[in-house]
Amino acid sequence: IPRLSVFQLSRPGVIISCFIRPAPFDFDADPLDAAIHYGEPVWPGAITVPLFGETLVPVASPDFPGIRNVPTPADLIRFPLLHEITRPSAWWEWFIGVGLEEREALQGARFDQFSLVSAAAQAGLGVGLIPSFLVEEELASGRLIIPVDHKSIGLHKYHLVYPDRNIGMQLLEEFKDWL
């Protein structure tokens with residue numbers, strides 16, 4: 001969202017609306033020209049254009065008691081873990097990535113958007129595991145910190161997806177090039 005103004009400034013009068021859908025979208029039922037999708041690059045009746053992958057980082061409020069004294073990734077298990085519902089095993093995979101099989105990693109509060117996980121982490125409710133590009137501002141401003149320097153590469157990539165009927169749509173081509 002913060003970067004959309006760059007695209008819109010060069011195209012006065014263009015309106016871009018954004019919706020978050022944790023469930024699959026349907027170009028026949030939803031009034032969408034295109035979507036940005038994280039997952040497999042397979043969408044029936046649509047074109048998928050790979051955009052980028054993601055790096056997941058643990059984040060927490062700098063004021064969360066004890067969070068600045070986390071010596072190892074294993075020590076994060078003693079804190080409440082915050083989950084995004086479309087990535088139910090993300091923490092589990094993160095802990096496996098540091099050599100631990102922590103069943104407790106599957107426990108914790110769940111949210112349907114990473115923005116809510118970020119807000120919960122900032123409010124001191126626990127530690128979130130969030131794609132780094134989604135918390136750049138919060139990290140730069142100090143509202144969030146990365147308590148342990150272990151990153152996890154997401155299993156999939158983000159894709160621009162649009163229905164076959166929109167092939168050649170000028171504005172969509174410009175948006176694709178801009179992305």
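User: Which residues touch the most other members of the largest nonpolar core?
Analyst: In the largest nonpolar core, which has 17 residues, Ile 67, Leu 76, Phe 79, Trp 91, Phe 95 and Val 127 touch the most other members. A nonpolar core here is a set of buried Ala, Val, Leu, Ile, Met, Phe, Trp, Tyr and Cys residues joined through side-chain atoms within 4.5 Å. Buried stands for under 20% relative accessible area, exposed for over 50%, and partly exposed for the range in between, with a 1.4 Å probe and protein chains only.

User: Which element gives the most to this core?
Analyst: Helix α2 does, with four residues. Both α2 and β6 (127-131) supply at least two residues each. Helices (H or I, at least four residues) and strands (E, at least two) are DSSP runs, numbered from the N terminus.

User: Before we continue, what kind of model is this, and how are the residues numbered?
Analyst: It is a predicted model, in which local features need pLDDT of at least 70 and side-chain atom pairs count only at pLDDT 80 or more, while totals for chains, interfaces and linings use all residues. Residues are numbered from 1 along each chain as its sequence is written, and side-chain values use heavy atoms, with hydrogens and water left out.

User: Where does Ser 152 lie, and what does it touch?
Analyst: Ser 152 lies in strand β7 (residues 152-153) and counts as buried at 14% relative accessibility. It touches Glu 54, Thr 55, Leu 56 and Trp 94, again not counting residues up to four places away in sequence.

User: Changing topic: how many strands form the open sheet, and in what order?
Analyst: Three strands form it, in the order β1-β8-β2, with antiparallel pairing. Two strands pair if DSSP finds at least two bridges between them. Strands β1 and β2 stand at the edges with a single partner strand each, so one side of each is left without a neighbour in the sheet. From one strand to the next, the twist averages 35°.

User: How many bridges join β2 to β8?
Analyst: Six bridges join these antiparallel strands. Within β8, Val 161 stands opposite Thr 48, and Pro 163 stands opposite Ala 46.

User: What about β1 and β8: over how many bridges do they pair?
Analyst: They pair over five bridges, in the antiparallel sense. Gly 39 stands opposite Lys 157 in β8.

User: Which strands does α5 touch?
Analyst: Helix α5 packs on the sheet and touches β2 and β8, its direction making about 170° with that of β8. Axes are lines fitted to C-alpha atoms, for helices over the stretch in contact, and angles run from 0 to 180 degrees between N-to-C directions. Strand β8 is mostly covered, with six of its seven residues buried.

User: Now the charged pairs. How many salt bridges are there?
Analyst: There are seven salt bridges, each being a side-chain nitrogen of Lys or Arg within 4 Å of a carboxyl oxygen of Asp or Glu. One of them joins Glu 174 to Arg 11, with the closest N and O atoms 2.8 Å apart. Glu 174 is in helix α5 (residues 170-178) and Arg 11 in the loop between α1 (4-9) and β1 (35-39), 163 residues apart. Glu 174 is partly exposed, at 25% relative accessible area.

User: Arg 165 and Asp 28: are they buried or exposed?
Analyst: Both Arg 165 and Asp 28 are exposed. They form a salt bridge whose closest N and O atoms are 3.5 Å apart. Arg 165 lies in the loop between β8 (157-163) and α5, and Asp 28 in the loop between α1 and β1, so the pair ties together parts 137 residues apart in sequence.

User: And Arg 87 with Glu 54, buried or exposed?
Analyst: Arg 87 and Glu 54 are both buried. The closest N and O atoms of their salt bridge are 2.5 Å apart.

Conventions. Contact means heavy atoms within 4.5 Å.
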